[in-house]
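Subject: A structure for you to look at

Hi there,

Here is the structure I promised to pass on. Have a look at it first, and then read my notes below.

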Amino acid sequence: MRQALELATRPDDLRPILSGLAVLPHPLALELTEKSCANPAVQAEAEMASLQIAKAIATQSPPAEAVLQRLASNAANENVRTEARALL
């Protein structure tokens, strides 16, 4: 998935990759979606994917809590912020 994400240049190519990562409860998947949060073209999808992964691994991965905190305070989508706050 990392290579696919690195090779994808268009938002239409990135969205399905982020969607696929969202169902992988693994710290590496979370790392990859977090990097995509900086891309305004797919920020909403990346934040949602990060939230889904962090929710799945929160009790097993300290970085997941940091991601939830970032999403709770900085996510562009209000629903993502609200859900992240509820998980903290």
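Where does Met1 lie? Met1 is in the segment before α1. Please keep in mind that this is a predicted model.

Is Met1 buried, partly exposed or exposed? Its relative accessibility is 46%, so Met1 counts as partly exposed, since that class runs between 20% and 50%. Together with Val23 and Leu24, Met1 forms a nonpolar patch on the surface. The accessible area of these three residues together is about 290 Å².

Next, take a look at α3. Its buried residues are Ala29, Leu30, Leu32, Thr33 and Ser36. They cover an arc of only 165° around the axis, so they sit on the same side of α3. What do these buried residues pack against? Their partners are α1 (2-7), α2 (11-22), α4 and α5 (62-74).

Now move on to Cys37, which you will find in the loop between α3 (27-36) and α4 (43-57). Cys37 counts as buried because its relative accessibility is 8%, and the cut-off for buried is under 20%. Which residues does Cys37 touch, leaving aside those up to four places away in sequence? They are Gln43, Ala46, Glu47, Ser50 and Arg70. For one of these, Glu47, I also have a distance: its C-alpha atom is 5.9 Å from that of Cys37, although the two residues are ten apart along the chain.

Enjoy exploring, and write back with any questions!

Best wishes

How values were computed
Residues numbered from 1 in each chain as written. Predicted model: local features only at pLDDT ≥ 70, side-chain atom pairs only at ≥ 80, totals over all residues. Heavy atoms only, no water. Helix = DSSP H or I, 4+ residues; strand = E, 2+ residues; numbered from the N terminus. Buried < 20%, exposed > 50% of the residue type's maximum accessible area, 1.4 Å probe, protein only. Contact = heavy atoms within 4.5 Å. Arc of directions from axis to C-beta. Patch = residues over 30% accessible without salt bridge, like charges linked within 9 Å, V, L, I, M, F, W, Y side chains within 5 Å. Areas by Shrake-Rupley, 256 points an atom, 1.4 Å probe, with all protein chains shown as cover. Salt bridge = Lys/Arg side-chain N within 4 Å of Asp/Glu carboxyl O.
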